[in-house]
Amino acid sequence: MFAGIWVSEPATFAAMRHHFQHQPELQITPIEKIRLPLQSRDELPPILAGLQWIWTHPTLKTEILALLEAKILAGKKATGRTGMDLWQILVLGVVRLGLDADWDRMEHMANYDTLVRQMLGLPATPWDDQAKRFGHQTLRDNVALLDDGLLGQINARIAAAGREVFAKKGGAPLAALEVKVDTYALETDVHFPTDLNLLGDAGRKCVDLIVKYRDQLGYALGGWRKARDWRRRLKNLERAASQIVYRGGPNKERRVKRVVREYLAAGRDLSAKVRQSLSILCDQPVDLAHWDALEYFHRMLDKHLDLVERRLLREETIPAREKVFSLFEPHTEWIQKGKRRPEVELGHRLLIATDQNQLIQDYEVAPGVADVDRSVPVADRLLGRYGVGSVASLSFDKGFTRAEDQELLSLYVPTVVMPKRGKKNAAETERENEKQFVALRRRHSAVESQINSLEHHGLNRCLDAGLDGYLRYVGYGVMSYNLHVIGRELLARGGAALTEKRAA
């Protein structure tokens with residue numbers, strides 16, 4: 001029988017699971033025999049073709065499943081209820097990012113889309129009572145089992161093996177890599193921050209968490225009968241303060257200080273009540289994680305009470321190191337890349353290194369690291385993976401340029417394109433006017449097309465929570481992009497072969 005049994009509790013799918021179905025049922029189409037549409041313009045068929053390519057590759061499937069087993073099954077006993085198969089986890093994670101789908105759509109596709117179910121190793125028709133179906137929470141829990149480190153290892157193997165798809169026929173050696181490197185801002189799922197609305201967020205979450213405890217503990221946690229009124233009061237004061245602060249009008253300074261004092265007074269009253277409740281909860285049987293969450297938002301409430309007072313009443317300039325750009329995604333960075341629209345982006349700079357076949361050969365999220373400090377590390381990773389002599393050229397934009405880095409990279413890479421910022425001397429002008437330098441610099445703009453494609457494969461705004469979720473989201477997105485590129489090439493060849501056959 002098929003090994004995939006669907007679970008709803010995170011504790012259960014940790015017990016026993018399998019790579020994939022070893023003895024397929026009669027109504028299940030073998031993955032290698034799935035017929036994919038060759039003329040469809042939808043995003044899904046190329047992604048499924050890429051997954052089918054992994055399945056039929058002589059070594060890649062075995063390597064990837066071994067990595068998944070070592071990560072997910074490490075230390076687990078082969079007893080209890082079976083969990084989702086490792087192959088199914090990979091397929092669903094890739095399809096989700098490839099289609100930029102939310103979990104509701106993924107639940108529908110996993111249960112009712114014929115091609116996706118065939119790729120999962122399931123019967124195409126889910127209508128029978130014995131058919132396997134996935135629950136919403138099951139999908140979330142299982143896809144989240146892979147971390148960024150594991151996805152990085154899988155992506156490296158897919159990118160390396162993918163070069164073979166684009167190799168010349170006749171057994172010719174693989175061409176050296178022509179790598180283009182750039183960064184763009186992958187946003188976190190946050191609203192635009194101001195100290196006024198962050199203060200409101202902190203107060204709102206404190207009230208919400210207190211209400212949960214009040215409902216759980218009853219009279220042991222009193223004094224919160226008007227919790228809804230607290231939320232309404234804070235929201236009204238935050239909105240009134242924001243409208244006056246960020247608009248004009250007569251006597252603006254006096255009106256700002258008046259409404260901000262009212263807002264701060266309400267915030268301090270709420271902070272005092274929450275502090276009292278925290279002391280009561282210390283003696284109650286409550287979940288430590290929930291208590292930590294309440295303590296965190298209370299700390300953020302006090303922090304932003306102080307920031308609002310210093311900025312709007314004392315008219316101080318707040319240092320950047322003291323600012324928080326999201327209470328819910330505190331790892332979020334404030335990114336200004338000199339663009340007119342948008343002027344500011346909230347997230348992290350995602351570095352990608354693409355080759356001449358549009359495959360992403362390397363990627364990295366490094367919070368707090370400037371572009372100028374990332375050229376040597378990306379070259380080091382590529383040369384460490386493929387060896388010296390495997391990279392024919394490296395091209396960067398001006399944000400990466402540093403003279404000493406260019407000299408160092410030139411020792412290992414024949415051609416390094418780093419346009420200098422500012423005025424150039426005669427030697428630099430001559431070097432940048434060389435035919436090969438000019439040609440590679442012009443080709444460098446192709447990386448913008450790959451960035452645009454990535455953004456259409458889910459990597460425009462990260463919808464997963466936390467830094468770990470952000471990094472996992474990037475890993476799945478890069479994998480779905482590369483498999484889409486590989487699958488698109490394979491489907492194009494299949495379509496061309498079919499056309500030739502019909503013409504004959």
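The following dialogue explains how to read several features of this predicted model.

Visitor: Which conventions apply to the model and its numbering?

Guide: Residues are numbered from 1 along each chain as its sequence is written, and side-chain values use heavy atoms, with hydrogens and water left out. The model is predicted: local features need pLDDT of at least 70, side-chain atom pairs count only at pLDDT 80 or more, and totals for chains, interfaces and linings use all residues.

Visitor: How many helices and strands does the chain have?

Guide: Helices (H or I, at least four residues) and strands (E, at least two) are DSSP runs, numbered from the N terminus. The chain has 17 helices and seven strands.

Visitor: What percentage of the residues is buried?

Guide: Buried means under 20% relative accessible area, with a 1.4 Å probe and protein chains only. Of the 504 residues in the chain, 48% are buried.

Visitor: Which residues touch the most other members of the largest nonpolar core?

Guide: In soluble globular proteins, nonpolar side chains tend to be buried together. A nonpolar core is a set of buried Ala, Val, Leu, Ile, Met, Phe, Trp, Tyr and Cys residues joined through side-chain atoms within 4.5 Å. Here the largest has 74 residues, and Leu51, Leu68, Trp87 and Ile158 touch the most other members. Helix H17 (residues 466–503) gives the most to this core, namely twelve residues. A second, separate core has 37 residues, including Leu199 and Ile244.

Visitor: Which residues does Leu51 touch?

Guide: Contact means heavy atoms within 4.5 Å. Leaving aside residues up to four places away in sequence, Leu51 touches Trp87, Val91, Val94, Val95, Met119 and Leu483.

Visitor: At what angle do the axes of H2 and H7 cross?

Guide: Axes are lines fitted to C-alpha atoms, for helices over the stretch in contact, and angles run from 0 to 180 degrees between N-to-C directions. The axes of H2 (residues 60–72) and H7 (residues 148–165) come within 10 Å and cross at roughly 175 degrees. Because angles over 145 degrees count as roughly antiparallel, H2 is roughly antiparallel to H7. Among the residues that make the contact are Leu68 of H2 and Ile158 of H7.

Visitor: How do the axes of H2 and H3 cross?

Guide: The axes of H2 and H3 (residues 86–98) come within 10 Å and cross at roughly 100 degrees. Angles of 65 to 115 degrees count as roughly perpendicular, so H2 is roughly perpendicular to H3. Residues of H2 including Leu68 meet residues of H3 including Trp87.

Conventions
Buried < 20%, exposed > 50% of the residue type's maximum accessible area, 1.4 Å probe, protein only. Parallel < 35°, antiparallel > 145°, perpendicular 65-115°, else oblique.
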